[in-house]
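Please find below a colleague's note for a reader who is meeting this structure for the first time. It is set out as numbered points, to be read beside the sequence and the model.

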Amino acid sequence: MRIAFFVNSIEGEAPYYTTTWLALAALARGHEVCYVTPGDFVLRPDDSMLIRATTLEGSKPKKPETLLGALQSKQAKIDTIDLREIDVLFLRNDPSEDADSRPWAVYVGTNFGRLAAARGVIVLNDPEGLALAQNKLYFQGFPEAVRPTTLISRSIEEIRAFLDSHSRGVVLKPLQGSGGKNVFKIGSKDEVNLNQIFEVASDGGYLIAQSFLPDAVAGDIRLFLMNGRPLERDGVYAGFRRVPAKGDVRSNIHASGTPEAAAITPEVLAIAEKLRPKLVEDGMFLVGLDIVGDKVLEVNVFTPGGFPEIAAIVGVDFSDAVIAALEHKLHIQELYGGRVPNRTLATL
């Protein structure tokens, strides 16, 4: 099997990225791996579709640093490959990272992903589903029972009124964004710096104001779902707690959050089950849920991370299970002669 990982940039990849661990697991299972970035697609006049893929030239590194060293070196080989030679196109880019510096790249994964799926390539997560999830408005499509009370607006008057009705405060963040960037906890409408916070947070467009959940002080639980169900191996779930730094509302690991063991209780699993129907309908193969108490703060469908942290905590590398699932999908595709739609195949 040949797997192409679509990322924002090869130089921006890191050893602790889940994508890196997935690539290593694929190599360990005997598969070929290449990396593709937003500028690497080619659609020729004869309607043939190609990718300029950065390859490993037959080497099979076993460590993250070695893998990225080979990909990021000046000697890395770039091959122009007919897309039909790729079995799986794994979309692992974060569109919000490109929104400011190169907006042309934001929709490349979903747009070319559709074309790839139409040519028989398995594309995950499904590009049609990902197109619906380009910003956090997607979250509003899940059951109200699992969502914090939410306001979406660019009006500071609306946000002040929302603050007035939430005595415990609110969390304010951009509608388009990720990684904990420009996320603020606001105590009341009389916050001294509210105008400045509003200006910073709304610079990229609409804002989300969510009721503050007191349990968030202890952090959130990042739980992985695969094929719509909690990812589990030998009774161990792919999940961990992300504890924010003192005085910080953000629990993101690269925003100084600390990974800790988490109890994946029946209550947590019940929350995940409430989201399953929509995730399956939208072809979301690999997803990360951020859970606080009985609420889900975010549904991460583009580049959910945490496999290295989970492996360090519970001693299980779930990357192998993900690659095994890709093998199963390829088997189904071959068995049915490509007649199973990509969105259906994505969660089988």
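This is a predicted model: local features need pLDDT of at least 70, side-chain atom pairs count only at pLDDT 80 or more; totals for chains, interfaces and linings use all residues.

1. Residues are numbered from 1 along each chain as its sequence is written, and side-chain values use heavy atoms, with hydrogens and water left out.

2. The secondary structure comes to eleven helices and 19 strands (DSSP runs numbered from the N terminus, with H or I over at least four residues for helices and E over at least two for strands). The C-alpha atoms fill a box of roughly 60 × 45 × 40 Å along the principal axes. The radius of gyration is 20 Å, which agrees with the value near 20 Å that a compact globule of 348 residues would have (taken over C-alpha atoms, the rule being 2.2 Å times the number of residues to the power 0.38).

3. Of the 348 residues, 52% are buried (under 20% relative accessible area, with exposed meaning over 50% and partly exposed in between, for a 1.4 Å probe and protein chains only). Among contacts with a separation of 6 or more, 71% are between residues 24 or more positions apart (contact meaning heavy atoms within 4.5 Å).

4. Helix α1 (residues 18–28) packs with helix α10 (residues 319–335) at an angle of about 65 degrees, their axes being 8 Å apart (axes are lines fitted to C-alpha atoms, for helices over the stretch in contact, and angles run from 0 to 180 degrees between N-to-C directions). The residues that make this contact are Trp 21, Leu 22, Ala 25 and Ala 26 of α1, together with Ser 319, Asp 320, Val 322 and Ile 323 of α10.

5. In helix α6 (residues 156–164), the residues Ile 156, Ile 159, Phe 162 and Leu 163 are buried. They are on the same side of α6, because they cover an arc of only 115 degrees around the axis (the arc of the directions from the helix axis to the C-beta atoms). Glu 157 and Asp 164, on the other side of α6, are exposed.

6. Helix α2 (residues 64–72) has Pro 64, Leu 67, Leu 68 and Leu 71 as its buried residues. An arc of only 90 degrees around the axis puts them on the same side of α2, and the buried residues of α2 pack against α1, β2 (32–36) and β4.

7. Thr 54 is found in strand β4 (residues 49–55) and is buried, with a relative accessible area of 6%. Leaving out residues up to four places away in sequence, Thr 54 touches Ile 10, Cys 34, Tyr 35, Leu 71, Ala 76, Lys 77 and Ile 78.

8. Some backbone details deserve a look. A cis peptide bond, with omega about -15 degrees, joins Leu 124 and Asn 125, and Asn 125 lies in the loop between β7 (122–124) and α5 (127–132). Phi is positive, near 55 degrees, at Asn 227, and it is likewise positive, near 55 degrees, at Asp 234. Asn 227 is buried, with a relative accessible area of 18%, whereas Asp 234 counts as exposed at 73% relative accessibility.
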